[in-house]
Amino acid sequence: MLYRTASAATMDLGEIHITLSDFSLETVQDDVVLATYRTEDHSTGRIALRSSIWVNVDGQWKMRFHQGTIVPPS
């Protein structure tokens with residue numbers, strides 16, 4: 001996939017203002033964790049619930065899965 005070959009230096013997202021809250025980390029196995037959290041994009045007002053699975057490979061944590069679900073405006 002293209003995003004795996006792109007480096008942070010080549011991806012110009014511009015300035016963003018996002019608040020992360022309700023962070024939780026749950027150990028699934030000794031080398032696998034599930035992170036869940038909420039984000040709010042202050043430029044759009046969009047709120048999302050997010051989760052990611054991280055795996056420790058040779059002493060380095062790598063994200064293996066990520067999902068973001070937009071919370072509909074109330």
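Among the contacts in the protein chain with a separation of 6 or more, 13% come from residues 24 or more positions apart, where contact means heavy atoms within 4.5 Å. This is a predicted model, in which local features need pLDDT of at least 70 and side-chain atom pairs count only at pLDDT 80 or more, whereas totals for chains, interfaces and linings use all residues. Residues are numbered from 1 along each chain as its sequence is written, and side-chain values use heavy atoms, with hydrogens and water left out.

The chain has one helix and four strands, in the order α-β-β-β-β from the N terminus on; helices (H or I, at least four residues) and strands (E, at least two) are DSSP runs, numbered from the N terminus. Of its 74 residues, 15% count as buried, that is, under 20% relative accessible area with a 1.4 Å probe and protein chains only.

Let me turn to Thr39, which sits in strand S2, residues 32–41, and which is buried, with a relative accessible area of 10%. Beyond its neighbours within four places in sequence, Thr39 is in contact with Ile18, Thr19, Arg46, Ile47, Ala48 and Arg50.

Finally, the surface: the protein chain exposes about 6,200 Å², of which carbon and sulfur atoms supply 55%, by the Shrake-Rupley method with a 1.4 Å probe.

How values were computed:
Buried means under 20% relative accessible area, exposed over 50%, partly exposed in between (1.4 Å probe, protein chains only).
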